[in-house]
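Open the structure in your viewer and keep the selection tool at hand. Each stop below gives something to select and then what is there.

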Amino acid sequence: MLGLIKGLGVTLKNMTKPKVTYRYPDEPLEMPDRFRGIQHFDPEKCIVCNQCVRICPTDCISLTGKKHPEKKGKVIDTYDINFEICILCDLCTEVCPTEAIVMTNNYELAVYGRDELFKDLEWLNQNNTKIRKENSTNLIKKPGGKK
Ligand code: SF4
Ligand code: SF4
């Protein structure tokens, strides 16, 4: 009986304390600005220098480029990251000379199939809602005022 009363006392005491839990996934978690989340890729900034591919410790980036139709240099054709093996180490974004690839605060990669973890250029480009503040100027304004 004494144990029950003690237990109820602990329950009542804790009922009045502020919550330490989150209502995830109903309410998304806000991550710190330096969080290393899933990358955003901007094809218009990529100069196809291959530095991100070379530095990647898990070999999870693959890209192809082609000659620029009008001027010197290359343009990106395909850009894929395999998130089965990406360790979100940030090295690809650190070496990128043009900030074509930047980290975001997006951490949600849960999928039903492993194939879905293979993200292509379009997907990475659209992953642009939680870009780190320091990189948010990276977004190119699209016609119609949409970022
Ligand atoms: S975050 Fe690291 S592991 Fe992931 S693609 Fe970039 S360099 Fe590779
Ligand atoms: S390092 Fe940057 S500019 Fe160079 S290929 Fe990778 S994303 Fe493109």
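Select Phe41 and Tyr79: both are buried, where buried means under 20% relative accessible area, exposed means over 50%, and partly exposed lies in between (1.4 Å probe, protein chains only). The model is predicted, so local features need pLDDT of at least 70 and side-chain atom pairs count only at pLDDT 80 or more, while totals for chains, interfaces and linings use all residues. Residues are numbered from 1 along each chain as its sequence is written, chains are lettered from A and ligands numbered from 1 in the order in which they are written, and side-chain values use heavy atoms, with hydrogens and water left out.

**Aromatic pairs**

The whole structure holds three aromatic pairs. Rings of Phe, Tyr and Trp (its six-membered ring) pair if their centres lie within 6.5 Å; planes under 30 degrees apart count as stacked, over 60 as edge-to-face, and the rest as tilted.

Now select Phe35 and Tyr107. Their pair is edge-to-face, with 6.3 Å centre to centre and 85° between the planes. Phe35 lies in the loop between helix H1 (2-15) and strand E1 (40-41), and Tyr107 in the loop between strand E4 (101-102) and E5, so the pair ties together parts that are 72 residues apart in sequence. Helices (H or I, at least four residues) and strands (E, at least two) are DSSP runs, numbered from the N terminus. Phe35 is partly exposed at 24% relative accessible area, and Tyr107 is partly exposed at 23%.

Return to Phe41 and Tyr79, which form a stacked pair: 4.0 Å centre to centre, 10° between the planes. Phe41 belongs to strand E1 and Tyr79 to strand E3, so this pair ties together parts that are 38 residues apart in sequence.

Colour E2, E3 and E5. They make an open sheet of three strands in the order E2-E3-E5, with antiparallel pairing; two strands pair if DSSP finds at least two bridges between them. Strand E2 (61-67) and strand E5 (118-119) are the edge strands, each pairing on one side only.

How many bridges join E2 to strand E3 (residues 74-82)? There are seven. Along E3, Tyr79 stands opposite Leu63, and Thr78 opposite Thr64. The hairpin of E2 and E3 has six residues between the strands, and there Gly73 takes a positive phi near 100°. On the other pairing, two bridges join E3 to E5, and Ile81 has Lys119 as its bridge partner in E5.

**The core**

Select Phe41, Ile61, Ile76, Tyr79, Ile81, Phe83 and Ile101. Of the 22 residues in the largest nonpolar core, these touch the most other members. Such a core is a set of buried Ala, Val, Leu, Ile, Met, Phe, Trp, Tyr and Cys residues joined through side-chain atoms within 4.5 Å. E2, E3 and helix H4 (121-126) each supply at least two residues of this core.

**The ligands**

Select ligand 1. Among the residues around it are Gln39, Cys56, Cys60, Cys86, Cys89 and Cys92, a residue being near if one of its heavy atoms lies within 4 Å. The shell of ligand 1 has nine nonpolar, two polar and one charged.

Last, select ligand 2. Of the 15 residues around it, Cys46, Cys49, Asn50, Cys52 and Cys96 come nearest. Its shell divides into twelve nonpolar, three polar and no charged. Ala, Val, Leu, Ile, Met, Phe, Trp, Tyr, Cys and Pro count as nonpolar, Asp, Glu, Lys and Arg as charged, and the others, Gly among them, as polar.
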